[in-house]
Amino acid sequence: MENTEDKKKEEEIADEAIQTAEDECSLEQQEEENLEAEENELSLKIKALEDEVKGLKDELLRKAADTENYRKRLLKDKENAVKYANESLLKDLLDPIDNFSRAIEAAKKTSDFESLRSGVEMTENQILSMLKNNWGLERIDSDGKPFDPECMEAYQAEEVEGLDKETVIAVFQEGYRLNGKVIRTSKVKVGKPKA
């Protein structure tokens, strides 16, 4: 009986050892499956991240190219704006230039100085009117006006009877304002009151 009991105990121990070995084997197999599943999951994540990085690189390159193209377009637009900035002004001046050409042709054909002078004055008035209306350029009215150092430059001065303050008595060169700002002072002769 002892033998059977010992055998049973040995069988039980052997069964437990087998069960433990099977359990350990099963655990190892499950761990291997888990590791394999994690590796597969990590591989998929790595592939997804690599694809995302590749996509972001492509997007970055496209945006860099777009930015460079935009910069080049802005530079070209700026160059054109500078190059053709005066186009409208020059178009406005074409008619008066044509009128000067006509006046020169008329002077060759006639000796009527008065009509030539009248044509040149009309052309000057046309230019001044166009520059004032379209561009904001105005002639500074100086002759006979009180001397104003803000918009006039005295080239000569002389004492004159009957003046109570410094007054412009001759204009050597007209001055101009552009939208209210003096861009060229009038060159004038100033009459001073006699002391």
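**Close-ups of a predicted model**

**View 1. Helices α2 and α3, side by side.** In this predicted model, α2 and α3 are roughly antiparallel to each other, since the angle between them is about 175 degrees and anything over 145 counts that way. Their axes sit 9 Å apart. α2 covers residues 87–109 and α3 covers residues 113–135. On the α2 side, the residues that meet α3 include Leu-89, Leu-93, Pro-96, Phe-100 and Ala-103. On the α3 side, look for Leu-116, Val-120, Ile-127, Met-130 and Trp-135, among others. Sorted by class, the contact has 12 nonpolar, 5 polar and 2 charged residues. Asp-92 and Asp-95 are among the α2 residues taking part.

**View 2. The open sheet, with strand order β1-β4-β5.** How many strands does this open sheet have? It has 3, and the pairing is antiparallel. β1 (137–140) and β5 (181–184) are the edge strands; each has a single partner strand, so one side of each goes without a neighbour in the sheet. From one strand to the next, the twist averages 40 degrees.

**View 3. β1 against β4, with α3 packed on the sheet.** Here β1 and β4 (residues 175–178) run antiparallel, joined by 4 bridges. Leu-137 is a handy landmark, standing opposite Leu-178 in β4. α3 packs on the sheet and touches both β1 and β4. The direction of α3 makes about 125 degrees with that of β1.

**View 4. Around Ser-186.** Ser-186 belongs to strand β6, which spans residues 186–193. Is Ser-186 buried or exposed? Its relative accessible area is 0%, so Ser-186 is buried. What does its side chain pair up with? There's a polar contact of 2.8 Å with the side chain of Ser-142. A polar atom of the Ser-186 side chain also lies 3.0 Å from the backbone nitrogen of Gly-175. Setting aside neighbours within four places in sequence, Ser-186 is in contact with Ile-140, Ser-142, Cys-151, Met-152, Glu-153, Gln-173, Glu-174 and Gly-175.

**View 5. Leu-56 on helix α1.** This one takes us to α1, the helix that runs over residues 2–83 and holds Leu-56. Leu-56 has a relative accessibility of 47%, so it counts as partly exposed.

How values were computed: Residues numbered from 1 in each chain as written. Predicted model: local features only at pLDDT ≥ 70, side-chain atom pairs only at ≥ 80, totals over all residues. Heavy atoms only, no water. Axes fitted to C-alpha atoms, helices over the stretch in contact; angles between N-to-C directions. Helix = DSSP H or I, 4+ residues; strand = E, 2+ residues; numbered from the N terminus. Parallel < 35°, antiparallel > 145°, perpendicular 65-115°, else oblique. Contact = heavy atoms within 4.5 Å. Nonpolar A, V, L, I, M, F, W, Y, C, P; charged D, E, K, R; others polar. Pairing = 2+ DSSP bridges. Buried < 20%, exposed > 50% of the residue type's maximum accessible area, 1.4 Å probe, protein only. Polar contact = N/O pair within 3.5 Å; in protein donor to acceptor, adjacent residues only side chain to side chain.
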